[in-house]
Amino acid sequence: MPPITATTTAPASLHGWRLFSLLALLVIVATALALLWQPQLVEALRSAIRVTARTSFALFLLAFLASSLALLVPSPTTRALLRERRFFGLAFAFSHLIHGVLILTYAQLFPELFWNGRSAATNIPGSVGYLFILLLALTSFPWAMKALGGRGWKALHSTGSWVLAVIFCLSFYKRIPMSPGYVLAFGLMFSAIVLKLVAKLAQRVRRNAQPARTSLATAR
Ligand code: HEM
């Protein structure tokens, strides 16, 4: 009889590239529905841009909070979320790729509407966001991790995710006058930032307590 291993006993679950493919498919379906829902092309594009920003936001939150949740609320679910963080991150990048393609289409077809109240300067935060999304996605493969080294990789991914968190905060904050719903979205992003900071603090406290406990044990 073959030895019973985690792979032979675990049910065929959703993880890795299969999880990524499902998430990417859901983003495509949501985009298609948003495009088909509106009879006017201009409104269809704007609605699909908003929908992809929201799918990106949900996926970003999962990747951004995975390690904090696994630390603060350890459970099989949060451990699975942490294990699959890379694929949630890549699905976020995919969703934002669609956001970008839709924005370019909108700018191409309706330049006067796109540039209304917008300038090259106001596009800077979004462009910086895209630069980080590209860097994070490209460096989420083992060869890139090896090339960057542990410290470099961690520094890039930590900086990138904080930059993106701030961009989400700003994007929702500036839309609050348009609808009260944006207060909720801003509040969600803000709470996620607070949760991540709390997790970092908890990790530091735990790390500092470790040597004290070890030296106490050796002194006994
Ligand atoms: C230069 C790059 C970017 C441009 C030109 C751009 C443009 C747009 C446009 C035109 C909308 C829809 C406006 C409307 O009709 O309501 C939008 C929505 C949004 N974008 Fe982007 N975007 C960019 C990058 C980003 C990045 C990097 C992020 C986040 C990391 C982001 C997050 C959002 C959010 C949160 C919304 C609001 C969605 C909602 O209404 O719920 N965008 N963006």
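Apart from its neighbours within four places in sequence, Thr55 is in contact with Val27, Ala30 and Ser95. Please keep in mind as you look around that this is a predicted model.

**Around Thr55**
- You will find Thr55 in helix α3.
- One of its contacts, Ser95, is also a polar partner: the side chains of Thr55 and Ser95 make a polar contact at 2.8 Å.

**A nonpolar patch on the surface**
- Five names to look for here are Leu72, Val73, Phe190, Val194 and Val198, which form a nonpolar patch on the surface.
- Together, these residues have about 400 Å² of accessible area.
- Helix α9, covering residues 181–219, gives the most to the nonpolar patch, with three residues.
- Val73, another member of the patch, sits in the loop between α3 (41–72) and α4 (76–83).
- Val73 counts as partly exposed because its relative accessibility is 46%, which falls between the 20% limit for buried and the 50% limit for exposed.

**The salt bridge**
- The count of salt bridges comes to one.
- Its partners are Arg83 and Glu84, whose closest N and O atoms are 3.8 Å apart.
- How do the two partners compare, buried or exposed? Arg83 counts as exposed because its relative accessibility is 58%, while Glu84, at 8%, counts as buried.

Conventions
Residues are numbered from 1 along each chain as its sequence is written. This is a predicted model: local features need pLDDT of at least 70, side-chain atom pairs count only at pLDDT 80 or more; totals for chains, interfaces and linings use all residues. Side-chain values use heavy atoms; hydrogens and water are left out. Patches are made of residues with over 30% relative accessible area and no salt bridge: like charges are joined within 9 Å, nonpolar side chains (Val, Leu, Ile, Met, Phe, Trp, Tyr) within 5 Å. Accessible areas come from the Shrake-Rupley method with a 1.4 Å probe; for residues, only the protein chains shown count as cover. A salt bridge is a side-chain nitrogen of Lys or Arg within 4 Å of a carboxyl oxygen of Asp or Glu. Helices (H or I, at least four residues) and strands (E, at least two) are DSSP runs, numbered from the N terminus. Buried means under 20% relative accessible area, exposed over 50%, partly exposed in between (1.4 Å probe, protein chains only). A polar contact is a pair of N or O atoms within 3.5 Å; within protein, one must be able to donate a hydrogen and the other to accept it, and residues adjacent in sequence count only if both atoms are side-chain atoms. Contact means heavy atoms within 4.5 Å.
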